Amino acid sequence: MENTFAKTHAVSHSKAGARTGMSPIGAREMLIAEMPELEKLLKAENLSGLTGRIIKPRMFSTINNLYVLRRLFAEIKPERTLEIGIAFGASAVLFSLLHKAHSSHPEGAHQGIDPFQISDFDGCAVKFLKDHGLESIFRFHYKPSGEVLPTLLTNGNRFQLIYVDGSHLFEDVFVDFFYSHRLLEPGGIIAFDDTQDPHVLKVVRFIRNNYSEFYEELSPYDYQFGHPLKLKVKSAVARLTSSQHLTIFRKTHDGVRKWNARFNNF
Ligand SMILES: C[S@@+](CC[C@H](N)C(=O)[O-])C[C@H]1O[C@@H](n2cnc3c(N)ncnc32)[C@H](O)[C@@H]1O
């Protein structure tokens with residue numbers, strides 16, 4: 001199937017500038033292009049849950065994150081993706097729609113984990129996915145990631161893209177990484193949200209300092225929408241001030257460290 005997003009994106013930067021004489025297009029427009037369902041979700045003032053409860057959505061992944069994830073997806077064309085932390089489903093809907101656009105998408109191509117989907121969100125994300133014909137693509141796990149990930153591994157699952165956006169406690173994010181490393185195929189991407197948070201940043205530093213033999217880090221600013229020079233400045237400032245929100249690693253090869261491998265402080 002034709003990758004229309006990649007094609008559209010190829011002209012996005014020139015479209016964004018006034019030089020073309022066209023009205024400027026922003027990250028939001030680029031993100032939701034050909035995705036009316038995602039636009040509807042992001043614009044929703046209220047969502048209805050499985051019991052009919054009306055809830056005001058909050059804590060969606062940012063437009064920037066979703067835009068970068070969309071571009072990463074277009075680049076690596078994953079067959080199977082995994083997401084930890086669903087909330088109201090912004091990234092779950094994005095991934096499910098991206099899989100749907102590929103004619104060969106397998107059932108359950110996108111799997112998501114969130115123990116609080118029913119108790120805290122009244123199943124709003126599940127309902128939205130169901131109401132928009134995405135339920136066969138999306139497989140939900142209603143338990144904490146620390147319980148689901150080992151089972152996914154035992155059952156032989158592998159993924160090409162993993163988005164970590166669940167519990168932000170150091171110990172949980174560390175466990176998310178421990179298992180994601182084993183579940184991710186070589187060449188696959190793992191992206192962490194909220195890496196300005198000290199808990200999450202600590203795990204990112206562990207990977208940088210102890211797992212560099214397995215990962216190369218990609219700059220999210222290479223995938224963001226905007227003027228390349230401005231993005232370069234933003235990237236440098238974020239790195240210096242440890243305020244980068246999204247941190248992305250590409251796995252170079254499989255393997256685990258030897259039990260007595262060197263420990264580098266992080
Ligand atoms: C920031 S929100 C996720 C936002 C979502 N990715 C989006 O794009 O809108 C974090 C989510 O992580 C979930 N969460 C908390 N602890 C978790 C755990 N141990 N395993 C999986 N998800 C968890 C919360 O219930 C919450 O829905």
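Leucine 231 comes out as partly exposed, because 17 other C-beta atoms lie within 10 Å of it. (A residue is buried with 20 or more other C-beta atoms within 10 Å of its own, exposed with 12 or fewer, and partly exposed in between; the C-beta atoms are placed from the backbone.) This is a predicted model, in which local features need pLDDT of at least 70 and side-chain atom pairs count only at pLDDT 80 or more, while totals for chains, interfaces and linings use all residues. Residues are numbered from 1 along each chain as its sequence is written.

Leucine 231 is found in helix H11. (Helices, H or I with at least four residues, and strands, E with at least two, are DSSP runs numbered from the N terminus.) Setting aside neighbours within four places in sequence, leucine 231 is in contact with Tyr221, Gln224 and Gly226. (Being in contact takes C-beta atoms, placed from the backbone, that lie within 7 Å of each other.) Threonine 241 is 10 residues away from leucine 231 along the chain, and their C-alpha atoms are separated by 15 Å.

Tyrosine 223 sits in the loop between E8 and helix H11 (228–240). With 21 other C-beta atoms within 10 Å, tyrosine 223 counts as buried. Leaving out neighbours within four places in sequence, its contacts are Val68, Arg71 and Leu72. Tyrosine 223 and serine 91 are 132 residues apart in sequence, yet 16 Å separates them in space, C-alpha to C-alpha.

Now for the sheet. Its 7 strands run in the order E5-E4-E3-E6-E7-E9-E8, making an open sheet with mixed pairing. (Two strands pair if DSSP finds at least two bridges between them.) Strand E5 (138–141) and strand E8 (215–218) stand at the edges with a single partner strand each, so one side of each has no neighbour in the sheet. From one strand to the next, the twist averages 20 degrees. Strand E4 (residues 110–113) pairs with E5 in the parallel sense, over 4 bridges, and histidine 110 stands opposite phenylalanine 138 in E5. E6 and E7 also pair in the parallel sense, over 5 bridges; here leucine 161 has isoleucine 189 in E7 as its bridge partner. Because 7 of the 10 residues of E7 are buried, E7 is largely enclosed by the rest of the structure.

What about the helices? Helix H6 (residues 90–100) packs on the sheet, where it touches E3, E4, E5 and E6, and its direction makes about 165 degrees with that of E4. (Axes are lines fitted to C-alpha atoms, for helices over the stretch in contact, and angles run from 0 to 180 degrees between N-to-C directions.) H6 packs with helix H7 (residues 124–131) at an angle of about 25 degrees, their axes being 10 Å apart. H6 and H7 are therefore roughly parallel to each other. (Angles under 35 degrees count as roughly parallel, over 145 as roughly antiparallel, 65 to 115 as roughly perpendicular and the rest as oblique.) On the H6 side the contact is made by Ala92, Val93 and Ser96, and on the H7 side by Ala125, Phe128 and Leu129.

Helix H9 (residues 170–183) has 14 residues and should span 20 Å at 1.5 Å a residue, which agrees with its end C-alpha atoms being 20 Å apart. (The expected span is 1.5 Å times one less than the number of residues.) Buried residues in H9 include Asp172, Val173, Phe177, Tyr179 and Leu183. Among the elements covering the buried residues of H9 are strand E3 (81–84), helix H8 (145–154) and helix H10 (198–210).

Most residues other than glycine have a negative phi. Methionine 59 has a phi near 50 degrees, a positive value in a residue other than glycine, and lies in the loop between strand E2 (54–55) and H5. Methionine 59 counts as exposed, because it has 10 C-beta neighbours inside 10 Å. Lysine 77 is not a glycine either, but has a positive phi of about 45 degrees; its place is the loop between H5 and E3. Lysine 77 is exposed, with 12 other C-beta atoms within 10 Å.

Methods
Two residues are in contact if their C-beta atoms, placed from the backbone, lie within 7 Å.
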